[in-house]
Amino acid sequence: MKKLILYIFLFCAAGLARAQEDSLHTLLLEAVALHDKGDYDGALRLYDQVIARDPERLLAWYEKSLTLLVAKRYEACIDLCKEVLNKFKEGDELDNIYVNYGSALDAAGKPDDAIRIYSQGIRQYNHYLLFFNRGITEFMNKKNADAISDFQQTLLLKPLHASSHQYLSYAVYGQNKVASMMGLVIFLVIESNTTRSDKNLKILQDLFSSNALSSATDFNDTLKQFMTPADKMKKKLGIFADINTFEEKGFFTQFYVSFFRAMQEAGHLETAANLILARSNDDQVKQWLSSHQEKLNAFSQWLQEYKWTDKVVNK
């Protein structure tokens, strides 16, 4: 009889625990939905309810810090992140707490403190956003050498992170125009049809016009009339693929030139050229993109499977 009573008690306790977990999970989802709608006060109220009922639920603390950050309540976000890092010594969201902590400090006009917090996070977590955000803070404060290093590290961790290609291009613009062009090209391959694409395509075209690549891809008048804009872009991409890499150990040669060479060997230069020009409003490009879905799919799959870091010696 005692065993039966104990069994019933344990069964009921387990049921109550499941019900509590389901209730808190539902509350958390409702809070996230309110955040997504821009109702930050409503979201914060629900996060506080979850935390009050389960103070060990790190995800609720993280989501609250994110809402405070997005709502531009930077000091409150900073204080909360400090509290979380004092309370929790391990957990899946602690790397993101460092991201939010540094971001809030940077937004509050404390870039040196932001860099210090990102660096603390990096020593514990190999999270690409910690490197990227630290790079942004460094770039905005004219610490270009440090920013370049952080953007490169971000790309080694997450090669298809379009923003890192963009900002790496911006950071090296003043010292290495060819590297800057390669970064913009890859950004446009990854993110070909957004408002950011408009800006970066304009920068890329200006660089092509002012760089030695312009003369290297000059065509006689007879040939020009038969070439589409994508044909001309494909020719420029081929030049990147043909850059001499003999005894070159730098990041841009190993990471970028190797990519262009592999893309050429795989037969994807034409697809890449049209993607780069997707926001050019050229009718021939639009027609090509609308009628070559199989090539676009094949390129997308190749891009996802490409081993970016295989050629990088000093990772």
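User: Why is Phe251 called buried in this model?

Analyst: In this predicted model, Phe251 has a relative accessible area of 13%. Buried means under 20%, so Phe251 with its 13% is called buried.

User: Why is Phe255 called buried?

Analyst: The relative accessible area of Phe255 is 0%. This value is under 20%, and therefore Phe255 counts as buried.

User: How many aromatic pairs does the whole structure hold, and what makes the pair of Phe251 and Phe255 stacked?

Analyst: A search of the whole structure gives 22 aromatic pairs. In one of them, Phe251 and Phe255 lie 4.8 Å centre to centre, with 20° between the planes. The centres are within 6.5 Å and the planes are under 30 degrees apart, so the pair is stacked. Both residues belong to helix α15 (residues 251-265), where they are four residues apart, about one turn of the helix.

User: Why is the pair of Phe259 and Trp302 called tilted?

Analyst: Phe259 and Trp302 are 5.6 Å apart centre to centre, with 45° between the planes. Phe259 in helix α15 and Trp302 in helix α18 (residues 293-305) are 43 residues apart, and their pair links distant parts of the chain. Phe259 and Trp302 are both buried.

User: Which residues do ring pairs link into a cluster?

Analyst: The cluster includes Phe208, Phe251, Phe255, Phe259 and Trp302.

User: Where does the charged end of Lys236 sit?

Analyst: The charged end of Lys236 is placed over the ring of Phe208, 5.3 Å from its centre.

Terms used. Residues numbered from 1 in each chain as written. Predicted model: local features only at pLDDT ≥ 70, side-chain atom pairs only at ≥ 80, totals over all residues. Heavy atoms only, no water. Phe/Tyr/Trp six-rings, centres within 6.5 Å; stacked < 30°, edge-to-face > 60°. Helix = DSSP H or I, 4+ residues; strand = E, 2+ residues; numbered from the N terminus. Buried < 20%, exposed > 50% of the residue type's maximum accessible area, 1.4 Å probe, protein only. Lys NZ or Arg CZ within 6 Å of the ring centre and 35° of its normal.
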